[in-house]
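The sequence and structure are shown first.

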Amino acid sequence: MIEFSNALAERMRLVTAPGTSSMRSKANALRAQGIEVVNFAAGELFFDASEGMRRHAVAAVNGRRNRYTPPLGMPELRERLAEHLSLRLGVRYAPDEVAVTCGAKQALFNTALILLNPGDEVLIPAPYWETFPTQIQLAGGVPVIVDTTRSGFRPRVEDLHAALTDRTRMIVLNTPNNPTGVVYDESLLRDIGEFARRHGLWIVFDECYGELVREGHVHHNVVSLCPELKAQTIVVNSFSKSHAVTGWRVGYAAGPRQVIGAMHNLQGHTTSNPSTLSQYAAHGVMEDGDPSFLHTVNTFLEDQARIAREIVGEVRSISVAPAEGAFYLYLRVASRLGGRYGGRPIETIDALAELLLGEAHSAVVPGSAFGDPCGLRISYAVETSALTQGLLKIRDVLNAID
Ligand SMILES: Cc1ncc(COP(=O)(O)O)c(C=O)c1O
């Protein structure tokens with residue numbers, strides 16, 4: 001019989017369940033007891049998929065699009081994506097510089113496996129989306145975390161510089177940011193771009209939330225600001241968030257053709273092509289355009305963000321990251337750690353998240369999932385009544401900790 005305490009490969013020590021999934025299962029356990037729980041922990045819109053995506057997916061099913069496509073996707077989709085990127089970024093991308101992937105997640109993992117050698121260091125601004133360091137470690141790389149909590153959740157070049165060594169090979173940039181909701185402005189991206197250029201670093205530029213920005217903010221892409229960086233940047237994007245199709249698994253990477261060529265070989269031996277049906281849907285929606293969906297989503301998120309900021313503004317002595325994009329409100333609650341709720345000690349951010357689940361019946365993601373022992377991420381992309389109800393309870397529980 002296999003002794004499972006040492007049966008798994010050593011690399012699995014690097015992989016723990018995502019913070020979001022453990023909150024989900026705890027929330028489900030409460031629901032099973034008949035308790036209504038607001039799920040602020042999900043990284044997705046609760047909207048139905050965009051009408052265009054649905055229509056083209058149904059057409060693909062009825063058109064019997066059942067077969068493999070080339071590993072990196074249908075040529076017509078790669079062409080459309082290359083055209084779209086060229087127009088949007090003002091820098092020409094050819095179809096063989098674009099790979100269609102099973103969501104942005106695969107684009108990121110492909111990139112880490114292709115570009116990192118054992119011991120290569122990767123700068124990751126924190127708080128970070130937890131998949132970044134895990135994938136980098138699985139690829140043999142070493143995540144080097146650069147704190148941004150003292151600089152408004154925006155990485156400072158001086159801090160990046162201080163983390164640089166002769167093994168630094170890559171930097172990961174994610175804007176609009178998960179978990180903070182911060183959108184990097186033009187001058188910040190130019191400065192970081194210049195830093196990466198000077199030190200010959202790969203840039204992984206994750207702009208999955210690029211179409212979800214709040215009023216008064218604009219999403220910028222580092223390649224469109226500094227076109228010379230195209231040769232050292234992998235742009236990663238996805239249909240998941242912008243079209244509310246997180247389950248359909250279709251995203252893409254764009255970068256130098258040697259890197260994309262390596263993705264062809266890698267993806268050909270791992271997943272093969274992303275779902276053919278999802279590719280047809282993505283292609284169809286790009287052909288037609290579907291701006292009204294995004295407009296509806298952003299208008300909704302604008303109102304939700306306002307409600308969320310107002311309620312959270314009534315919590316004393318915490319700080320809140322500026323909610324500029326994506327659909328996350330990020331709280332820093334250091335003042336509550338070490339405090340007590342009804343005599344019960346709250347020592348850690350995980351204990352606080354558990355308290356909010358038990359007492360406010362609200363599932364949030366603790367900052368331990370983002371490399372921040374004092375943060376809480378709340379998604380405001382939930383139904384409005386649930387948003388208000390859950391946040392009022394969160395406010396009351398946080399204010400009752402002393
Ligand atoms: C920053 C970031 N990048 C990538 C992804 C993965 O997106 P996809 O569903 O396209 O794999 C997520 C999902 O939450 C994310 O937050």
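## Domain interface

Across the interface of domain 1 and domain 2, the rule finds 16 residue pairs in polar contact, both residues at pLDDT 80 or more; a polar contact is a pair of N or O atoms within 3.5 Å, one able to donate a hydrogen and the other to accept it, and residues adjacent in sequence count only if both atoms are side-chain atoms. On the side of domain 1 that touches domain 2, the elements giving two or more residues are α1 (19-32), α11 and β10 (328-332). The most comes from α11, with eight residues.

The model is predicted: local features need pLDDT of at least 70, side-chain atom pairs count only at pLDDT 80 or more, and totals for chains, interfaces and linings use all residues. Residues are numbered from 1 along each chain as its sequence is written, and side-chain values use heavy atoms, without hydrogens and water.

Domain 1 comprises 4-48 + 292-399 and domain 2 comprises 51-289, with bounds from an automatic or database domain assignment. Their centres, taken over C-alpha atoms, are 25 Å apart.

| Interface quantity | Value |
|---|---|
| Area buried between domain 1 and domain 2 | about 2900 Å² |
| Share of that area on carbon and sulfur atoms | 56% |

Buried area is the accessible area (1.4 Å probe) that two parts lose on being put together, summed over both. In domain 1, Leu14, Glu324 and Phe370 lose the most area to domain 2, together 22% of what that side buries.

Three salt bridges are counted between the domains, each a side-chain nitrogen of Lys or Arg within 4 Å of a carboxyl oxygen of Asp or Glu.

How values were computed
Helix = DSSP H or I, 4+ residues; strand = E, 2+ residues; numbered from the N terminus.
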